[in-house]
Amino acid sequence: MLSAELRTRVGALELEVALEVPAGACVALAGPSGAGKTTVLRAVAGLVRPDAGRIACGGETWLDTAAGRSLPPERRGCGYLFQDYALFGHLSVWRNVAYGLRGLPRAQRRERALELLERFGVAALADRRPGSLSGGERQRVALARALAARPRALLLDEPLSALDARSRGRAARELVRLLRELDVPVLLVTHDFAEAASLGDEVAVLDGGRIVQQGTAAALAARPASGFVADFTGAAVLTGRVAVRGDGEGALTVVALDGGGEVRSTDAGEGPVAVAVHPWEVTLEPAAAPASGSSASNRLAAEVVSVTEVGNRVRVGLALPQPLTAEVTRDSVRRLALAPGTRVQAVWKAAATRVTPH
Amino acid sequence: MTARLRGACFPALLFAALAVALAFLVLPVLAIFLETSPAQLVDSLGDPSSRDALRLSVIATTIAVAIVVLVGTPVAWLLATRRFRGRELVVTLLELPLVLPPAVAGIGLLAALGPQGILGGLLDQLGIRLVLETAGVVVALVFVSAPFHLRAAQSAFAAVDRSWLEASRTLGAGEARTFARVAVPAALPGLAAGVALSWGRALGEFGATLMFAGSFRDITQTVPLAIYDRFATDFDGALALSAVLVVVSAALLLSVKLLARDHGADALR
């Protein structure tokens, strides 16, 4: 179990974070750049000293500012994967991996390094210099190096962001497999919710120096605690003001959107609010289609602004006039002849509409 | 003037400036060799006083550079990795000898370490004599050449990727091990440049040595002092000795740079 509770200033930001990561679990700390994610990771590793806090791992106290105790990074035993991997350019790949193995004779260090490189499928690169490796290869070497000395916790700083789009998918799958095998706490930092969702058992969303919500990715997407979280999880966020207050049970809340249009939600709310809806909840119908026979209570006229293929789906950008995104199949794009300028109706259920204070 | 002509004008000016700089800086060096026949070069090496000066120069500069590297490199590391109050002042003070006229450096050394100097009595009690001794030459050389290495080493350490140093720490290495195993190898090309610069400065040192240590054959007369000594009576001999100094300096600088390139090329990637 890794537990961290810290408070520190990062530029103008007042960072105040409390986290617990059980052994064998991975918590993904997610948030936009500048949210202080990396500072949390660096504080856990001992690379930066927070103004106040307590960090403990496996029963050992690493930092306790109240007691004036702070272990230097070399005595904490954190495996740290740096964002740019930070491989030593003057050492061969196997010597990079063996760097943390001390007190062993050379032959044994090389053997252990090769074992690890083998595990990551890069043993053939053992005698190369990091400068001649591809991004994916570097990432695997850096992981092997971080795990070589059997760390007590693993810290990953944007583990996939230095990779190109092609190798990222494969690296993500490998990383998921690796994280499942590890029995130490893993703390991961990312600015990408999808990455956090696929790698973390739990996602903690960091905004303005605080963790605004923590839970499984599915729970965060289904029940965002704020407009920020909703936006971060990929939902479209519309702003407006509650026109008719619902009770959160039977009667629906009606929100008058800024710029025109009305949205109904099963959520309760009052005053200025943010309304969130996920792109995959929004269906599109021809502008003239009748409303009868549908259970969806939100039906807004919209104009198509953009049509972008994302994998096997198509992401359609809409203007209500507020921006909204719908995800539909290629078939639907053809059938509805969707193109920028097409008038459509965006339809979704009140039950799929989240209302949060704005 | 058309736009295209104007566009070509500035590059032409740059190349003209380069031609002037090259001609001016290389001509004196070239002249030494044009005015010295190979026979004179060999002759001058055969002269015992020249050989003494050359030997003294090589020994004194080697010791001085070794001291500069051993003490200066950790200082440069400290200044490159730590922020503290008055750091800028410390850096400026350490760089001061760079802009000091050699004669001033000589006077300063006398006032500090000479028989009547601040530490003169202490040195005397310890039985250490510097003035008019080879040790005094080394002291003068260290004084004038140290800032060159300090400057180069400090910027070389500052240029080392911070994440390498941090990675080393998280992998269980303390600061000393990180310094020895990561920082020094990674900064090697810059450190070598510093060694080359300070060695070159030490080899050419004249004024401070003359004032502090004097010019006595086989004890304090380094090659530059020997050249000056001959210049009045034997211009051709002075010229030949100058040629030897140019060759020795160039060979030293070249070998230091090549050594660093072989060891440090990968560190730069």
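A pocket, as the word is used here, is an open set of grid points with protein on both sides within 12 Å along at least five of seven lines, and its lining residues have an atom within 4 Å of a point. Keep that in mind for later, and remember throughout that this is a predicted model.

Let's start with chain B as a whole. Chain B has twelve helices and zero strands, so its pattern along the sequence is simply α-α-α-α-α-α-α-α-α-α-α-α.

Two packed helices are described by the angle between their axes and the distance between the axes. Take helix α2 of chain B, residues 38–46, and α3(B): their axes are 5 Å apart and the packing angle is about 80 degrees. Angles of 65 to 115 degrees count as roughly perpendicular, and α2(B) and α3(B) are therefore roughly perpendicular to each other. On the α2(B) side the contact uses B:Ser44, B:Leu45 and B:Gly46, which meet B:Pro48, B:Ser50, B:Arg51 and B:Leu54 of α3(B).

The crossing of α5(B) and α7(B) is right-handed. B:Ala105, B:Leu109 and B:Leu113 of α5(B) touch B:Val139, B:Ala140, B:Phe143 and B:Val144 of α7(B). And what classes of residue make up the contact of α5(B) with α7(B)? Seven nonpolar, no polar and no charged.

The largest cavity has a volume of about 40 Å³, and its lining consists of B:Leu79, B:Val91, B:Leu94, B:Glu95, B:Leu150, B:Arg151 and B:Gln154. In chain B, α4 (87–99) and α7 (134–158) are the elements that give two or more residues to this lining. By class, the lining of the largest cavity splits into four nonpolar, one polar and two charged residues.

The second largest cavity comes in at about 30 Å³. Around it you'll find B:Ser57, B:Thr61, B:Leu141, B:Ala202, B:Leu203, B:Glu205, B:Thr222 and B:Pro224. The elements giving two or more residues to that lining are α3 (48–81) and α9 (175–204) of chain B. Its residues divide into four nonpolar, three polar and one charged.

That brings us to the open space. The largest pocket has a volume of about 440 Å³. It has 20 lining residues, and the closest to its centre are A:Leu47, A:Pro73, B:Arg162, B:Glu166 and B:Arg169. Which helices of chain B each supply at least two residues of the lining of the largest pocket? They are α3, α8 (162–170) and α9. The largest share, four residues, comes from α8(B). Sorted by class, the lining of the largest pocket has nine nonpolar, four polar and seven charged residues.

Note on methods:
Residues are numbered from 1 along each chain as its sequence is written. Chains are lettered from A and ligands numbered from 1 in the order in which they are written. This is a predicted model: local features need pLDDT of at least 70, side-chain atom pairs count only at pLDDT 80 or more; totals for chains, interfaces and linings use all residues. Side-chain values use heavy atoms; hydrogens and water are left out. On a 1 Å grid over the protein atoms alone, a cavity is a set of points where a 1.4 Å probe fits but cannot get out, and a pocket is an open set with protein on both sides within 12 Å along at least five of seven lines; lining residues have an atom within 4 Å of a point. Grid points are joined across faces, edges and corners, and a volume is the space filled by probe spheres set on the points. Ala, Val, Leu, Ile, Met, Phe, Trp, Tyr, Cys and Pro count as nonpolar, Asp, Glu, Lys and Arg as charged, and the others, Gly among them, as polar. A crossing is left-handed if the near helix is turned anticlockwise from the far one by less than a right angle, and right-handed if clockwise. Contact means heavy atoms within 4.5 Å. Axes are lines fitted to C-alpha atoms, for helices over the stretch in contact, and angles run from 0 to 180 degrees between N-to-C directions. Angles under 35 degrees count as roughly parallel, over 145 as roughly antiparallel, 65 to 115 as roughly perpendicular and the rest as oblique.
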